[in-house]
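Subject: Structure handover

Hello,

Here is the structure we discussed. My notes on it follow below.

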Amino acid sequence: MPLYRDDAIVLRTQKLGEADRIVTLLTREQGKVRAVAKGVRRTSSRFGARLEPFMVVDVQLHTGRSLDTVTQVETVGPYARPICEDYGLYTAGAAMLEAADRLVEAEREPAVQQYWLLAGALRALAQRAHAPALVLDSYLLRAFAVAGWAPSFTDCARCGEPGPHHSFSVATGGAVCSRCRPPGSPAPAPETFTLLAALLTGDWDAADSSDERHRKEASGLVAAYTQYHLERTLRSLRHVDRTPVATVAPPPAPTTPAPTRREA
Amino acid sequence: MYEGAVQDLIDELGRLPGVGPKSAQRIAFHLLAADATDVRRLVDALTEVKARVRFCEVCGNVAESERCRICADPRRSDEVVCVVEEPKDVVAIERTREFRGKYHVLGGAINPIENVGPDDLRVKELMSRLADGVVQEVILATDPNVEGEATATYLARLIGPMGVTVSRLASGLPVGGDLEYADEVTLGRAFEGRRVVGR
Ligand SMILES: [Zn+2]
């Protein structure tokens with residue numbers, strides 16, 4: 001397969017040499033692929049803007065000895081711009097990309113569900129469908145479920161005793177009944193359990209109408225769950241901007257900036 | 001693998017940015033074959049740069065004394081500060097001869113996946129420069145890629161409420177590219193056409 005084509009999400013980019021980049025892609029059919037994008041840091045490159053993190057692209061690659069080479073790129077989901085123009089979206093999105101990179105460990109092993117999950121979450125983020133922290137937490141819970149670590153927020157994660165229950169145990173996998181509860185397990189608000197269950201199942205009506213207080217508590221539990229299941233910590237999680245989305249004033253009308261030249 | 005000193009040199013060269021094992025080997029053998037005086041000049045330049053060059057205490061640019069040449073220049077305006085990621089971006093913008101204000105070098109861009117947040121950059125230093133009200137405009141000239149845009153977004157949100165005009169270089173710059181690769185005409189035009197993003 002010297003030349004192949006696939007849909008892909010750009011997870012990360014690293015500088016290579018003078019003007020090239022190595023791009024890590026999560027492709028729909030081939031799983032994770034690392035490829036060289038030649039000359040993309042130069043002015044004349046047609047690819048540069050399309051091979052940025054958060055972009056969903058239709059890409060053609062040439063199989064190489066160690067790394068493949070990108071030969072063509074078309075945009076499918078132009079999410080980079082809207083995401084990096086809002087700091088909350090950017091930091092939530094970066095945590096999603098890092099989580100995907102970590103959950104899909106092996107290269108060239110198809111991870112179709114992870115692909116669709118991430119593509120959907122990036123679209124929701126870029127379109128501001130929901131609060132960025134909710135999109136991130138929902139994505140993390142569902143990506144873990146796909147990876148085989150599905151948490152339970154209603155029935156007891158250990159014995160299956162029908163819930164709701166009061167305690168939460170990261171190590172056990174979510175809600176725990178009073179008999180299975182390890183000592184020292186926190187007892188989040190019942191609404192937090194409801195929110196977590198809504199985020200896991202994609203019940204957005206319930207999630208969108210949740211309180212800031214319960215969102216914060218849920219985020220804390222999702223972060224603990226994430227760090228517990230990934231061997232190394234997710235570095236971008238501590239950078240997630242949790243400033244509540246305030247009613248943003250419209251941007252000021254463009255004015256003429258001050259002259260930059262000052263005659264000597 | 002080579003014997004002792006040669007392998008040590010290859011290893012050291014291989015740690016430089018953009019130098020792979022093959023290039024490291026090529027450079028090492030070039031140096032081995034080179035004239036002793038040429039090699040001495042290189043050694044002197046390396047020693048000199050570590051001994052003499054430091055970072056400007058005002059803007060973070062490379063400097064040979066406490067303040068860099070630009071910060072020490074009384075003919076340059078203190079009212080406009082251009083924020084860039086790296087010292088090499090200062091060089092790129094100086095080439096345009098379009099800008100007569102001062103700079104602020106952040107030391108990188110916000111990149112959560114690489115564990116670089118606002119606190120890892122010279123953001124606090126920038127905010128304290130703006131505190132006395134002398135600066136009227138901040139031009140955000142971070143790279144036109146995702147990390148650079150996100151850094152500009154963050155800074156605009158932070159600086160906006162201080163009553164300082166915040167502007168961003170105009171589009172026309174290669175998106176996804178590095179600022180240093182933009183030719184001076186394009187970069188100059190981007191300066192002229194910069195847009196206000198916050199006030
Ligand atoms: Zn200086």
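This is a predicted model: local features need pLDDT of at least 70, side-chain atom pairs count only at pLDDT 80 or more; totals for chains, interfaces and linings use all residues.

The largest nonpolar core has 119 residues. Helix α2 of chain A, residues 87-103, gives the most to this core, with eleven residues. The residues with the most contacts inside the core are Ile9(A), Val10(A), Leu25(A), Met96(A), Ala100(A), Cys82(B) and Val83(B).

Which residues does Ile9(A) touch, leaving aside its neighbours within four places in sequence? The partners are Leu25(A), Leu26(A), Val56(A), Tyr115(A), Leu118(A), Ala119(A) and Leu122(A).

**Chain A: overall layout**

Chain A holds seven helices and seven strands. Read from the N terminus, the order of elements is β-β-β-β-β-α-α-α-α-β-β-α-α-α. The C-alpha atoms of chain A fill a box of roughly 70 × 55 × 30 Å along the principal axes. Chain A has 264 residues, and buried residues make up 44% of them. Among the contacts in chain A with a separation of 6 or more, 53% come from residues 24 or more positions apart.

**Strand pairing in chain A**

Strand β1(A) pairs with two strands that are worth looking at together.

- β1(A) and β2(A) are antiparallel and share eight bridges. In this pairing, Arg12(A) stands opposite Thr24(A) in β2(A).
- β1(A) and β2(A) also form a hairpin, with three residues between them. Gly17(A), in the turn, has a positive phi of about 55 degrees.
- β1(A) is joined to β4(A), residues 56-62, by seven bridges, and the two run antiparallel. Here Tyr4(A) stands opposite Leu61(A) in β4(A).

**Domains of chain A**

The domain assignment of chain A gives domain 1 as 3-78 and domain 2 as 81-239. Taken over C-alpha atoms, the centres of domain 1 of chain A and domain 2 of chain A are separated by 28 Å. The contact between them takes 17 residues from domain 1 of chain A and 19 residues from domain 2 of chain A.

Which elements give two or more residues to the side of domain 1 of chain A that touches domain 2 of chain A? They are β1 (3-16), β2 (20-27) and β3 (31-37) of chain A. The largest share of that side, four residues, comes from β3(A). By class, the residues on that side of domain 1 of chain A divide into eight nonpolar, four polar and five charged.

**Chain B and its contact with chain A**

The contact between the chains involves 38 residues of chain B and 38 residues of chain A. On the side of chain B that touches chain A, at least two residues each are supplied by α6 (146-159), β6 (165-168), α7 (184-192) and β7 (195-198) of chain B. The largest share of that side is from α6(B), with six residues. The side of chain B that touches chain A has 13 nonpolar, 13 polar and twelve charged residues.

The domain assignment of chain B gives domain 1 as 4-52 and domain 2 as 76-198. The C-alpha centres of domain 1 of chain B and domain 2 of chain B lie 34 Å apart.

**Two places to look at in chain B**

Helix α3 of chain B, residues 36-52, has 17 residues, which should span 24 Å at 1.5 Å a residue. The end C-alpha atoms of α3(B) are 24 Å apart, which agrees. Is α3(B) largely enclosed or largely in the open? The number of buried residues among its 17 is zero, so α3(B) lies largely in the open.

Arg189(B) is in helix α7 of chain B. Arg189(B) has 18 other C-beta atoms within 10 Å and is therefore partly exposed, since a residue counts as buried at 20 or more and as exposed at 12 or fewer. Arg189(B) and Asn111(B) are 78 residues apart in sequence, and their C-alpha atoms are 28 Å apart in space.

Regards

Conventions
Residues are numbered from 1 along each chain as its sequence is written. Chains are lettered from A and ligands numbered from 1 in the order in which they are written. Two residues are in contact if their C-beta atoms, placed from the backbone, lie within 7 Å. Domain bounds come from an automatic or database domain assignment. Ala, Val, Leu, Ile, Met, Phe, Trp, Tyr, Cys and Pro count as nonpolar, Asp, Glu, Lys and Arg as charged, and the others, Gly among them, as polar. A nonpolar core is a set of buried Ala, Val, Leu, Ile, Met, Phe, Trp, Tyr and Cys residues joined through C-beta atoms within 7 Å. The expected span of a helix is 1.5 Å times one less than its number of residues. Two strands pair if DSSP finds at least two bridges between them.
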